[in-house]
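Subject: A structure for you to look at

Hello,

Please open it first, and then read my notes below.

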Amino acid sequence: MVLEGQWGQQPGVAITVNSGSRISFSYAGERVQLLFDTDGLTVAPHLWITVDDGEPSLHVLEGPVIELSAPDGRHQVSVVVKDVNEHVNRWNPPFECAVVFAGLVLDVRSALRLSGRPGGPHVEFYGDSITQGVRSLSEHPESEGADGTTSYAYLTARAFGATSYQVGFGSQGISKPGNGEVPAGVDSFGWNFAGSPAERVEPSDVVVINLGVNDPTLEVEEYAGYVRRVRAAYPTTTIVSLTPFNGKHADAIEAAVKSLDDPNLVYLDSTGWITEADCTDQVHPTVEGHTKIATHLIKALETQTSLRRPT
């Protein structure tokens with residue numbers, strides 16, 4: 001079994017509060033049950049579950065058990081977090097919305113198959129509601145309108161065959177707290193959620209920062225301070241500073257990048273990659289808008305970093 005994304009481990013469970021996080025495993029047999037701890041949740045997270053080459057099936061996690069069945073044989077299962085609601089507490093345990101995975105139950109004729117660690121690069125994305133995939137499907141403000149798998153971050157990671165850490169919190173900025181009791185970006189970096197340090201088996205190859213649009217003001221030193229925190233965590237990783245897609249604070253971000261004089265820090269100006277016509281509400285990209293962003297970003301990352309798409 002492989003967990004991908006920002007998961008915090010606690011006794012008996014793995015917890016994520018981030019859309020785009022994944023669980024994948026394979027089993028031989030017919031039936032398997034996925035167990036979740038939903039006690040105390042006031043808003044159900046949304047999951048996409050795919051078995052083999054089938055279409056993703058939407059599961060609104062209102063109960064602790066999801067049962068899957070397929071013809072007897074070997075099957076590959078992918079569980080992706082479509083959305084963890086941004087409007088209720090998802091930072092300070094006990095959560096009002098989170099995915100708390102408690103394991104699998106196999107029937108007597110089924111067996112879990114071992115999976116190796118995924119290959120490919122490791123990429124991290126730190127952003128706000130756009131990175132989360134909020135309102136990509138529609139203007140609906142809750143999870144019905146959101147889908148982390150449509151986000152430019154998810155699409156970019158998949159294009160590179162990368163293990164991805166997709167961290168997006170609605171309304172968050174560099175120094176502005178996000179929705180759902182999430183602290184500001186400078187305070188949340190390095191944490192899965194309150195009390196749970198984000199630990200990596202190995203450093204990521206690239207970290208993409210897309211924060212700032214929610215900050216009413218953004219000083220050069222504020223942004224530089226955030227980048228320094230990322231650099232302290234990853235001394236040799238390529239860091240990419242991606243401006244907000246509407247160009248907000250682009251001058252301050254560019255000045256901050258230049259002031260750091262870091263040869264492994266890349267500034268990417270995304271102004272013009274999308275327009276208001278590519279958004280559901282003039283702010284949040286549509287599915288097609290995210291695809292446009294990903295197309296630009298993939299090309300830029302291939303030019304400016306070590307990332308290459310599989311041939």
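Let's begin with Thr 16 and its surroundings. Leaving aside neighbours within four places in sequence, Thr 16 is in contact with Gln 6, Trp 7, Ser 21, Val 81, Val 84, Ala 98 and Val 99. One of these, Ser 21, also makes a polar contact with Thr 16, side chain to side chain, at 2.9 Å. You will find Thr 16 in strand β3, which covers residues 13-16. Is Thr 16 buried or exposed? Its relative accessibility is 0%, so Thr 16 counts as buried. Please keep in mind that this is a predicted model.

Next, the aromatic rings. The count comes to nine aromatic pairs. One of them is formed by Trp 91 and Phe 169, edge-to-face, with 5.7 Å from centre to centre and 85 degrees between the planes. This pair links distant parts of the chain, as its two residues are 78 residues apart. Trp 91 lies in the loop between β7 (65-83) and β8 (99-106), while Phe 169 lies in the loop between β11 (163-168) and α3 (185-188). Both Trp 91 and Phe 169 are buried.

Phe 189 and Tyr 226 form an aromatic pair that is edge-to-face, at 6.1 Å centre to centre and with 70 degrees between the planes. Here too distant parts of the chain are linked: Phe 189 is in the loop between α3 and β12 (191-193), Tyr 226 is in helix α4 (residues 220-233), and 37 residues separate the two. With a relative accessible area of 7%, Phe 189 is under the 20% cut-off and therefore buried. Tyr 226, at 1%, is buried because its value also falls under 20%.

Which residues form one aromatic cluster? They are Phe 125, Tyr 152, Phe 245 and Trp 273.

Two arginines are worth a look as well. The charged end of Arg 158 sits over the ring of Tyr 154, 4.9 Å from the ring centre. For Arg 200, the charged end sits over the ring of Tyr 165, and the distance to the ring centre is 3.8 Å.

Finally, a word on annotation. An unreviewed UniProt entry places the feature "domain: SGNH hydrolase-type esterase" at residues 125-291. Over residues 125-291, the model's chain is 28% helix and 17% strand, and the end C-alpha atoms are 16 Å apart.

How values were computed:
Residues numbered from 1 in each chain as written. Predicted model: local features only at pLDDT ≥ 70, side-chain atom pairs only at ≥ 80, totals over all residues. Heavy atoms only, no water. Helix = DSSP H or I, 4+ residues; strand = E, 2+ residues; numbered from the N terminus. Buried < 20%, exposed > 50% of the residue type's maximum accessible area, 1.4 Å probe, protein only. Polar contact = N/O pair within 3.5 Å; in protein donor to acceptor, adjacent residues only side chain to side chain. Contact = heavy atoms within 4.5 Å. Phe/Tyr/Trp six-rings, centres within 6.5 Å; stacked < 30°, edge-to-face > 60°. Lys NZ or Arg CZ within 6 Å of the ring centre and 35° of its normal. UniProt positions renumbered as here; feature names shortened; annotations may be inferred.
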